[in-house]
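Here are a few notes to read alongside the structure. Keep the 3D view open and find each residue as you go.

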Amino acid sequence: MIRRKRPVAGACALLAALTAGLVFPAGAAADEPAGQDAPKVNLLLDVSGSMRAKDIDGQSRMAAAKQAFNEVLDATPEEVQLGIRTLGADYAGDDRKEGCKDTAQLYPVGPLDRTEAKTAVATLVPTGWTPIGPALLKAADDLEGGEGSKRIVLISDGEDTCAPLDPCEVAREIAAKGIGLTIDTLGLVPNAKLSRQLSCIAEATGGTYTSVEHQDELTDRVNELVDRAAEPVVTPVAAEGADSCAKAPALESGLYTDREEFGQQRWYRVEVLSGQELRASVSVAADRAVRPDYGVLLRAVTVHGREIVRGEATGNGRTDVLSTGLRYPKAERDDDDSGKPAAEVVCLAVTNSFSADSGVKTTPGLPLELTVDVVDGPDGSSDVASFGLGRGWWLLGALILTGFVAGLLWGWLSRWRFAVWRTN
């Protein structure tokens with residue numbers, strides 16, 4: 001049995017190495033997006049009454065947003081399908097129920113007609129409420145269908161006014177659908193409460209939050225996010241882990257996403273052929289307030305429950321994502337009578353010790369991302385402990401021999417110099 005405990009730094013370094021060097025087969029996780037559907041971006045703009053305020057480079061927030069949108073529309077890559085949705089643009093009354101329905105698709109997500117989109121933006125007038133939660137749900141619906149990347153860019157100058165529909169919970173529900181949608185948020189006011197809400201929305205889907213106070217900053221950031229949608233990405237495949245190894249889904253090499261409740265354990269199965277090496281890593285994101293001091297454990301276990309190897313990491317509340325990884329080198333052995341390579345089913349168990357503060361919802365579970373890579377082991381190595389070094393054993397041996405000879409020579413020279421000194 002091989003048992004290795006790695007410190008947090010080593011686990012994170014391993015995760016980075018696995019992610020950087022991973023080659024995904026077409027059947028598992030992610031084909032190159034080149035042959036996939038076009039990337040989609042939905043710009044979600046707050047057009048509530050507060051956007052009249054003139055505090056961005058001497059002009060109103062609405063005017064700055066319009067100018068930024070016009071420049072973004074000019075720079076949008078041809079391959080990106082772009083849409084624009086508004087919140088708070090039409091209803092100016094005091095009926096909260098009506099105000100919280102005020103979201104509309106200003107320009108549909110699809111091939112971009114720049115002139116038509118700019119004409120639609122020019123008609124916007126700051127009007128009503130700030131229904132961020134309902135608008136996010138509609139914006140996600142606008143992006144349904146297709147396998148390309150999907151991104152919502154939310155621009156707001158105020159907090160949601162339609163509680164109890166919490167925008168953070170809405171974002172978590174969107175992420176839990178496993179449709180690969182990312183929400184990035186931009187705040188037009190340096191306000192602590194607004195920053196917390198927009199950060200929470202972004203973190204729930206792996207997006208980013210940015211505070212902007214100038215029109216050129218807004219333009220540059222939205223342009224950057226639209227361009228990012230067109231970049232090649234690996235889209236994780238949704239996989240639902242089981243509560244036991246026997247019921248676990250079979251995974252191949254690839255990138256997978258799941259949800260894990262607080263303190264829960266999820267199981268997955270991987271088949272490892274003789275002479276192959278299993279490399280696995282897992283990341284669990286704290287997308288909501290959690291208590292300090294928690295951990296993530298990734299174990300490779302036989303179907304009979306014997307632990308083969310483990311990787312674990314602990315946190316103290318200062319990071320949003322906790323990651324760990326492991327390697328299991330499988331030794332060569334004779335094939336069975338059928339002539340097929342001998343295989344072993346390895347069960348991967350992911351466990352977390354996160355706990356929620358009072359009042360924090362525990363559903364949906366925490367975002368979990370699992371990387372699985374099954375590769376051929378190093379050539380000419382039958383001893384399991386030697387996997388990973390390969391021909392490096394020759395270099396290690398040469399260094400040991402060189403050190404031994406150098407030590408002997410140094411000792412002889414030291415004795416000779418001492419003898420000369422005594423004689424003189």
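1. One term before we start: a salt bridge here is a side-chain nitrogen of Lys or Arg within 4 Å of a carboxyl oxygen of Asp or Glu. Side chains of opposite charge can pair when their charged atoms come close. Keep in mind that you are looking at a predicted model. By this rule, it has a count of 20 salt bridges.

2. Start with Arg266 and Asp258. Their closest N and O atoms are 3.2 Å apart, so the two form a salt bridge under the 4 Å cut-off. Are these two residues buried or exposed? Both Arg266 and Asp258 are buried.

3. Next, go to helix 6, which spans residues 167–176. Glu169 and Arg172 pair up through their side chains in a salt bridge, at 2.6 Å from N to O. They sit three residues apart in helix 6, so about one helical turn separates them. Glu169 is buried, with a relative accessible area of 11%, and Arg172 is buried too, at 4%.

4. Now look at Asp287 and Arg288, whose side chains meet in a salt bridge of 2.8 Å, N to O. Arg288 has a relative accessible area of 7%, so it falls under the 20% cut-off for buried. Asp287 is also buried, with 1% relative accessibility.

5. Which residues are linked in a network of salt bridges? They are Glu169, Arg172, Arg259, Asp287 and Arg288.

6. Let's move to the surface. Asp57, Glu71, Glu213, Asp216, Glu217 and Asp220 gather there in a patch of negative charge. Which helix gives the most to this patch? That is helix 8 (residues 215–230), with three residues. Asp57, another member of the patch, lies in the loop between strand 1 (40–46) and helix 2 (61–75). With a relative accessible area of 46%, Asp57 is partly exposed.

7. Finish with helix 4, residues 114–122, and ask which of its residues are buried. The answer is Ala117, Ala120 and Val121. These three cover an arc of only 100° around the axis, so they lie on the same side of helix 4. Turn to the face pointing away from that buried side and you'll find the exposed residues Thr115 and Ala122.

Conventions
Residues numbered from 1 in each chain as written. Predicted model: local features only at pLDDT ≥ 70, side-chain atom pairs only at ≥ 80, totals over all residues. Heavy atoms only, no water. Patch = residues over 30% accessible without salt bridge, like charges linked within 9 Å, V, L, I, M, F, W, Y side chains within 5 Å. Areas by Shrake-Rupley, 256 points an atom, 1.4 Å probe, with all protein chains shown as cover. Lys, Arg positive; Asp, Glu negative; His and termini not counted. Charge placed at Lys NZ, Arg CZ, Asp CG, Glu CD. Helix = DSSP H or I, 4+ residues; strand = E, 2+ residues; numbered from the N terminus. Buried < 20%, exposed > 50% of the residue type's maximum accessible area, 1.4 Å probe, protein only. Arc of directions from axis to C-beta.
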